[in-house]
Amino acid sequence: MKILGIESSCDETAAAVVENGRTVLSNAVATQIEEHKLYGGVVPEIASRRHAEAICPVVEKALRDSGCGFDDIDAIAVTYAPGLIGALLVGVNYAKGLSFTTGKPLIPVHHLRSHIASNYISHPELEPPFFCLVVSGGHTHMIEVSSYTDFRIIGRTHDDAAGEALDKAARAMGLPYPGGLNLDKTAQNGDSSKYKFPHPSVDGCPYDFSFSGLKTSVINTIHNAKQKGGEVDIENLGASFMSAVVDCLVKNVEKACADFGYDKVVLAGGVSANSVLRKRMKESCDRYSRKLFVPELKYCGDNAAMVGSQGYYEALSGNFAGLDLNAAATLPIDFKR
C-alpha cells in the first residue's frame, strides 16, 4: 500500500510517499527556518502563507521523486492535529481537495503518533508494545504504545515542554533560532558541572514534568550576572542547563519503565535529535538492559515520511475521514475518532 503523506503543522511543508508503513519512496521538505530566524521564532501567520505557497510544488516533488502518479497512490494521509491551526488548515484542505479529485481515501494522522512512527522507518524490526518518550518544542509526553493505534499517556509536562525550555534558554543566552539546535552545538564543549540548576518534580504525579522553573532559573542566572557586571560562560551554562533538562527526562523514563515493566524504549520528536539526550538515554538503557530505539536524525524533525508511515497503520485499523475533516490546534494522542 502506497500512502502519500502531507505535513504542515508548524514551519515545514512536507510530502512523502511511503510503502507499507516502512519503506520511504520519497521525502520532500520545504523549510522556513531562514525566514523565521529574522523574528527569533515561528510567526504563525507567515508560516501559513508559506505553506500555501509551497504545498503544491512539494507534493509534486514527492510524487516525482517516488516515480508515482496519483494512480499509483492508495490513500492520502495528512496531519490534522495538533499544531498551529492556520498551518494545519493548509495541509488538511489541500489533502481533502486531492482526496475529492482523485477519489483516494483520506487518512487523518495525529502529529505525535507520526513522530513515534518515524522509528518504524528507521527500525523496521520495531513493533509495539513499547514505551515512548515524545519530546519536542511543544510536547513532552511519556506514552505507553500498546499497538500501532492504541496509546496511553503515562506522564506529561505541566507547563513548558522540554524543547520550549531549551529554545527560550537559548534565546536568553543570545543564541540564534532554532535555539535548541544551536544550544546543543554550543554546549558540546561546555562543563555541565559549572552551574547548578534545580531538578523539579511534580508532587503526586511521579511521571510528570515541569520545566518552567528550570527555564526561569537559567534566565535569572543570566540577569544576575549582567546586573553585577559579570560575564556568563555560555558554553558551560548551556551544558549545565541541558544536563538538568535531560536528567529530568531520563529519571522519569527510568522510573516509568521500572514500574510498568518495559524493556523497549523509544525516543521521538524534534528533541530526540539532541546529542546529550541520545547519549544519556543510551547509557541509561544499557545500564538497565533495555533496548533503545531512536529515529535517524533526518526523521527527528517534522517530515511527511512519518505521516505516511503512521497513515498506513491508521488505514489498517479503518481510521479514515470524510471531507468534513477539520484541523485541531490541540488534541490528545489517545483521542478516538
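On a 1 Å grid over the protein atoms alone, a pocket is an open set of points with protein on both sides within 12 Å along at least five of seven lines, a cavity is a set of points where a 1.4 Å probe fits but cannot get out, and lining residues have an atom within 4 Å of a point. Grid points are joined across faces, edges and corners, and a volume is the space filled by probe spheres set on the points.

The views show a predicted model, in which local features need pLDDT of at least 70 and side-chain atom pairs count only at pLDDT 80 or more, while totals for chains, interfaces and linings use all residues. Residues are numbered from 1 along each chain as its sequence is written, and side-chain values use heavy atoms, with hydrogens and water left out.

**View A. The second largest pocket and its lining.** This pocket has a volume of about 250 Å³. Its lining is formed by D184, A187, Q188, G190, S192, A239, M242, S243, S275, V276, K279 and R280. Two or more of these residues come from each of α6, α8 and α9, and α9 gives the largest share, 4 residues. (Helices are DSSP runs of H or I with at least four residues, numbered from the N terminus.) The lining has 4 nonpolar, 5 polar and 3 charged residues; Ala, Val, Leu, Ile, Met, Phe, Trp, Tyr, Cys and Pro count as nonpolar, Asp, Glu, Lys and Arg as charged, and the others, Gly among them, as polar.

View B. Buried means under 20% relative accessible area (1.4 Å probe, protein chains only). The buried residues are G179, G180, N182, L183, D184, T186 and A187. They pack against α5 (162–172), α8 (234–260) and α9 (275–287), where contact means heavy atoms within 4.5 Å.

**View C. The largest cavity.** The count comes to 1 cavity of 30 Å³ or more, and the largest cavity has a volume of about 30 Å³. P200, S201, D208, F209, C248, K251 and N252 line this cavity. Its lining comprises 3 nonpolar, 2 polar and 2 charged residues.

**View D. The packing of helix α2 (residues 44–66) with helix α3 (residues 85–102).** The two axes come within 9 Å and cross at roughly 35°; axes are lines fitted to C-alpha atoms over the stretch in contact, and angles run from 0 to 180 degrees between N-to-C directions. Helix α2 contributes S48, H51, A52, I55, C56 and V59 to the contact, and α3 contributes G86, A87, V90, G91, Y94 and L98. These residues divide into 8 nonpolar, 4 polar and no charged.

Definitions and conventions. Buried < 20%, exposed > 50% of the residue type's maximum accessible area, 1.4 Å probe, protein only.
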